[in-house]
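Please take a look at the structure below.

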Amino acid sequence: MTDTDLGTAAATFDGTHSGLAGRLGDSVARPDGVPKAQGSYQFSGDLTADGFLWGATLRSPHPYARIVRIDVSGAWKIDGVAAVITAEDVPGKATYGLISQDQPVFASDIVRFHGEPVAAVAADHPETCRRALAAIVVEYEVLTPLTDPEQAVDGSFPPIHPDGNIVRHQRIIRGDQSIEGPIIVEGTYEMGRQDQAFLGLEAALAIPAPGGAGVELYVATQWLHEDRKQIAACLGMPEDNVRLVLGGVGGAFGAREDISLQVHTCMLALRTGRPVKIQYDRAESFHGHVHRHPCTVWMRHHAGTDGRIRRIEARFLFDGGAYASTSSAVLINGITHTQGPYQCENATVHGWAVRTNNLPSGAMRGFGVVQAAFAHEGQMDKLAAAVGVDPVEIRLRNAMQRGDRLITGQVVDNVAPVARLIRETAALPLPTQPVGGTDHDPMRLPGGAGRTADERHIVRGIGWGVGIKNLMYSEAFDDFSTARVRLADGVASVKFATVEVGQGFITIVGQIARTVLGVGEVVLETIDTQIGSAGSTSASRQTWMSGGAVDGACRLVRERLFELVAAKYQLAAVQLEIDGTDVVDTLGTLRIPVAEATAGILIEETFEHHHVPTEDLDEDGQGNCHTAFAFVAHRAVVDVDPELGLVKVVQIATAQDVGRALNPLSVVGQIEGGIAQGVGLAVMEELLQVNGIVKNATFTDYLLPTFLDMPDVVISLVEEPDPHAPMGAKGVGEPPTVSSTPAVVAAIRDALGKDLHRVPVRPSDICF
Amino acid sequence: MSEIYQLHVNGESRDVLDASPGESLLYVLRERLGLMGSKGACEQGECGSCSVMLDEQLVCGCLVLAAGAVGQRIVTIEGIAPVGAPSDVQQAFVDAGAVQCGFCTPGLIMATHSLLERSPSPSEMEIREELSGNVCRCTGYGRIIDAVQRVAVARRGVS
């Protein structure tokens, strides 16, 4: 349901296509699409090796406990068990972590969250593994867990980790701190714990080198080189002895940015001298990866009587769970997006990311900005009500433009079409169907197949959410990407370590090569660590960063091709260009196919793409800490049953600032998929913990949006190429999750005339 | 304890050796018969990734005991079309952008073939209801609905 003309996605990526289709701007189909649709594509969980063993992990049943004793002897008595390992067996560094290495490979003295790994086994069958884990005796002295993040901030709970209970505190102080009112609106906004819930469960296959000198790991991850660095340190091996190969990735959404089973799998393979495969089940997956941070945000907006924001006060508290992961970066993302896509000169913000005995929190699509957006959009609606204008008008009056400053002092030097996004979204058609539809199909009502709602009692609401999202990494981190392109006989081969998780990077690689080099066939080489890092597939960064690297390498190859052709035909290289699949002289004297021009020659170039440098924040939260920004607007229409507390999201309309849609079909897929996760967070998705114990680690109890839950999505792609972006294209993956959630909640508030300040919105929030 | 039995899979009789009787059909298809196209994502019948046909009924392979499927005709994603020669549904999923990470795709292909066999011209609501047992985390479903509708239209054009 989009009004975007997707064209025809006719080209299949089989190497035979040589026309103009399949270039940048076309809706090219995925090169791995047919194997995926036929079930022949190998995901990491599908990999096997001759004589491989299964591995499995023993996890803590307690959120906080002292390990008194571990007795693994029972496991060794079971036929088929080949290895049993604990913390004592870690050959290198005992801990790992993306930013600070504070998480043990196996807990040795203290367990700090429900499900923390304590031991692992390798055996001939998953059932043997299960029995072996059951035979390991771990005696715990159970401790009272720290589960309230406020107790971490106020210091009332003794440190649960040697690094202390506060992962990071940062303030932002900008402008005139004395500004008050005249209009003041205030609110506290809470977000529950969302799980990425990718479908392709964690899985890896480790193959030891003869003699145990090294290991090869096939794994579904988001960042091969970072994994390798952490794995090698824990294995006590040089990085060169650890090779990572990307196993097919069944979705990621942030949950594969941290190490989960990587070190365990390698240790078991090295210990047994045999290939070892670990495959989590769904319950283990919920325990085994990081989640979106639960967060409480308080905001107070001071505005003029015209509704223009004068100052914002805010306090963020991110529950980082037991280990640091990326909490310090999530915190900075959250607080630096306090103002949303609105002008604001003065601010007072305090943010904490803290340690608790809850599940570790880390990256998930939107990365701290989702929490900020839920708060600032709630505030904008309160502001609109306070000054007596509608939600669209208040946002237009405050809309950020290119050249405006964030509350960090950073100038937003990207295309920033905020007002246009709001207007284009407002112009998209509203649902034509009344509540329940003209056919009165109860499936259209809140509750759907339960057929519980009475059509006459349903109320409809409309709500808005507008968002800003930083792209790429921040705070002085140089997250470069590398690509190598070889051109020979009209065929381009491209090598990179960029992780494909389903987002479609491998599709645009072919489009870039065909556009820049005029080739028909593009070969994608194995994605592994046998080339420089590509950085992580996260932060909406791979089209910009790795796309930039592929584009840069192609351009270097093209320069050399032009030099060769120019020399051969006694022309000036600067006069040559690619026209379709030909090399042509702009003076019209030469036209030869690229395949002919490259016959018998090999040109190879490697290019590293780096974005503009960024800075650390100073103690007052000032500095150019971010790389670039993208913007988005969402309008939600919901039907609500006020008596049963049920919600049906009817439609999401969105206009998104994409820079340039390199593959419109792929962009639409990112937008619809991101909105699905935003809708899920708004009305159903929450991983529950009670006193640190996880209560719903299954797909029966952790609810995901199905076909029947997803609304129609109406999309307008706003294409204003960004001058800083390679090819003009902004990252598109995260903005859809940033402000779709607040739009849905605003629509529910609108339907009920009731303040709602927590997501997911539960039936009890609506009824009581 | 182990058993030897035969399963009728994709038109062939396949021996299952050394199996524990508690193994699910999904496990046996994947780990004993090497048919990796059926995926496991929840192992409790919630996500549909393991959808296969059992005597023309769409079932979750994770909920069926393999030994209980003896004597029934099993069709998996590998039995839909030869590798490299996708079915109309498979090709439509690719062309319509209904595939992202692809983990849910084989199950959805099975469910779509089943739906269109029973209902050649499904309404959008019928598509949503029929496929609601298959969870996709990447696409938000819009392009999948488009793919199903494309096949329905194309098949009407042919007949």
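What follows is a short tour of confidence and cavities.

This is a predicted model, in which local features need pLDDT of at least 70, side-chain atom pairs count only at pLDDT 80 or more, and totals for chains, interfaces and linings use all residues. Residues are numbered from 1 along each chain as its sequence is written, and chains are lettered from A in the order in which they are written.

Residues 1-20 of chain A, however, have pLDDT below 50.

The whole structure holds 6 cavities of 30 Å³ or more. A cavity is a set of points on a 1 Å grid over the protein atoms alone where a 1.4 Å probe fits but cannot get out, and its lining residues have an atom within 4 Å of a point. A volume is the space filled by probe spheres set on the points, which are joined across faces, edges and corners.

The largest cavity has a volume of about 140 Å³. It is lined by 16 residues, and Y96(A), Q103(A), I259(A), G288(A) and H289(A) are the closest to its centre.

The second largest cavity, at about 120 Å³, is also lined by 16 residues. Closest to its centre are R30(A), L665(A), S666(A), G97(B) and V99(B). Helix α15 of chain A (residues 664-683) gives the most to this lining, with 4 residues; helices here are DSSP runs (H or I, at least four residues), numbered from the N terminus.

Conventions:
Side-chain values use heavy atoms; hydrogens and water are left out. pLDDT is the predictor's confidence in each residue, from 0 to 100. Contact means heavy atoms within 4.5 Å. On a 1 Å grid over the protein atoms alone, a cavity is a set of points where a 1.4 Å probe fits but cannot get out, and a pocket is an open set with protein on both sides within 12 Å along at least five of seven lines; lining residues have an atom within 4 Å of a point. Helices (H or I, at least four residues) and strands (E, at least two) are DSSP runs, numbered from the N terminus.
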